[in-house]
Amino acid sequence: MGPMDEAGGCLAFFDSKTRRGGILYPRSDTVFFTGPTFGIDYPIAIRADVRRDARGNIRALLWREARTRPREATRLDDHVSEDVTFQNGPVRLAGTVTVPKRPGRHPAVILIHGAGGTIPTRDFGYWSSYFSGHGVAVLAFDKRGGGASGGDANTATYGDLADDVLAGLTYLQSRSDIDPNRIGFYGMSNGGYIAPLAAARSGGRVAFITVRSGSARRVGDNIAYEVGNDLQSQGFSDAEVAKGVAIRQRVTDFVISHPTISTLAWDSLKAEVSAVTQERWYPWSRVLWVPRVSPS
């Protein structure tokens, strides 16, 4: 388990015995709960009765689930973690390298962020300990502008973000505990765009790519696709779904067709968006930001 940005910093867990994963929502410092998942139709209350060593460090916890016998989850001691920094030109990036305790040079993977309401950090949940437990070293870093990393993700191009990943690749290849020929990328969601782009720019240095919840569509087209699914899941009619998707696509097309956006042009788009703010589907259209930002 570990904190996960995508879950608002809550703990994400993976149970290696049952192959279940999910989010732990806190009721207190020691009691958490998680909801139903595939094949399980009841809420699960998890009480984290911690076990400590002589120094007061948490070594294990008691995992209690409804309808099951309590199990003890032991803290893993099969890896070491180290905070590191590396550079992409003037941008200083900060992260954590997690390496298996086994001797030798290890294969490695770089975790690549998705997009979110806030700039994500190195908090990818359980992935660093999961991969390192299977013999694969991990670099998880704060996205530029987030955590301890410099730069600004909001003004960066996809090429900039891909080059940040390649800077991490160069750093890992310089380490004596990493096999420079067995380093790959793990791109999540929006990172599914960055991973293959970085690999294509790497000069053949990338051994593998894994994409989770990625897209085969262009970014704007994928957003329209998501809006359509969101509206359908909320029970809107086909006509309402079409209108919501159309205004979102209109915003995408406008931005793509205006490399430089004048105040006059932006005001015209804001007027189009403002005209639909009273529609029931408007809150799910992903255009609420348009009236709130400037052309710059």
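Which residues touch the most other members of the largest nonpolar core? Let's take a look, view by view. This is a predicted model, where local features need pLDDT of at least 70, side-chain atom pairs count only at pLDDT 80 or more, and totals for chains, interfaces and linings use all residues. Residues are numbered from 1 along each chain as its sequence is written, and side-chain values use heavy atoms, leaving out hydrogens and water.

**View 1. The largest nonpolar core.** Ile110, Leu139, Val165, Leu172 and Phe185 touch the most other members among its 29 residues. A nonpolar core is a set of buried Ala, Val, Leu, Ile, Met, Phe, Trp, Tyr and Cys residues joined through side-chain atoms within 4.5 Å; buried means under 20% relative accessible area (1.4 Å probe, protein chains only). Elements giving two or more residues include strand E11 (106-112), helix H2 (158-173) and helix H3 (191-200). H2 supplies the largest share, eight residues. Helices (H or I, at least four residues) and strands (E, at least two) are DSSP runs, numbered from the N terminus.

**View 2. A second core.** Val241, Ile247, Ala265 and Val273 are among the 17 residues of this separate core.

**View 3. The open sheet.** Six strands run in the order E9-E10-E12-E11-E13-E14, with mixed pairing; two strands pair if DSSP finds at least two bridges between them. E9 and E14 (208-212) are the edge strands, each pairing on one side only. E10 and E12 pair in the antiparallel sense over four bridges, and Gly95 has Phe141 in E12 as its bridge partner.

**View 4. Helices on the sheet.** H2 packs on the sheet and touches E9, E10, E11, E12 and E13, while H3 touches E11, E13 and E14. Here, contact means heavy atoms within 4.5 Å.

Technical notes
Buried < 20%, exposed > 50% of the residue type's maximum accessible area, 1.4 Å probe, protein only. Axes fitted to C-alpha atoms, helices over the stretch in contact; angles between N-to-C directions.
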